[in-house]
Amino acid sequence: MGTNVEARLLDWTCYECDDPLLAWPELVLAADVVYEPSLTRALIRLVVRLLKNGAECAYIANAKRVPESWAVFEGELDKAGLRRERLAIDSIEHTLPYSRDPVRTGQIVFFRVVLEGKT
């Protein structure tokens, strides 16, 4: 059995509702997407839509560079009824040289996000 993976660059504020990749996703992977508070609500709306369309969960990894962005992000997750589980990154093999720096590694967060009531 093969694996079919497709990546898509999305404008969270404007995307095609009939895009087949958005219609039946299996999984959502996002990295370095929490940086601008004004875009956070659009990001969360898109994640909710993908989860409601069938994605098992969303994995979101990000560096905590802008504290106010994280505060908005976590608040919007709660408002949208999304449950998050912080995952340990020490068990993930680091491939980027900067991620081995203990100071910077502490700023990287990795979450598994699901709709409330979904496991």
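A residue is called buried under 20% relative accessible area, exposed over 50%, and partly exposed in between, with a 1.4 Å probe and protein chains only. The model is predicted, so local features need pLDDT of at least 70 and side-chain atom pairs count only at pLDDT 80 or more, while totals for chains, interfaces and linings use all residues. Residues are numbered from 1 along each chain as its sequence is written, and side-chain values use heavy atoms, with hydrogens and water left out.

The protein chain contains four helices and four strands, where helices (H or I, at least four residues) and strands (E, at least two) are DSSP runs numbered from the N terminus. Their order from the N terminus is α-β-α-β-α-β-α-β. Of the 119 residues in the protein chain, 35% are buried. Contacts are heavy atoms within 4.5 Å; of those in the protein chain with a separation of 6 or more, 78% are between residues 24 or more positions apart.

Strand pairing requires at least two bridges found by DSSP between the two strands. Strands β1 (residues 28-31) and β2 (residues 58-63) are parallel, with four bridges, and Leu29 has Tyr59 in β2 as its bridge partner. Between β1 and β2 the chain passes through helix α2 (residues 37-52), in a right-handed β-α-β crossover. Right-handed here means that, with the strands pointing away from the viewer, the path from the first strand over the helix to the second runs clockwise. Strand β2 also pairs with β4 (residues 108-115), antiparallel and over six bridges; Ala58 is opposite Val113 in β4.

The structure has five salt bridges, each a side-chain nitrogen of Lys or Arg within 4 Å of a carboxyl oxygen of Asp or Glu. One of them joins Glu76 and Arg41, at 3.1 Å from N to O. It connects distant parts of the chain, since Glu76 belongs to helix α3 (residues 67-79) and Arg41 to helix α2, 35 residues apart. Glu76 is buried because its relative accessibility is 8%, whereas Arg41, at 46% relative accessible area, is partly exposed.

Glu76 also forms a salt bridge with Lys79, at 3.4 Å from N to O. Both residues are in helix α3, three residues apart, or about one turn of the helix. Lys79 is exposed because its relative accessible area is 64%.

Another salt bridge is between Arg84 and Asp78, whose closest N and O atoms are 2.9 Å apart. Arg84 is partly exposed at 28% relative accessibility, and Asp78 is partly exposed at 48%.
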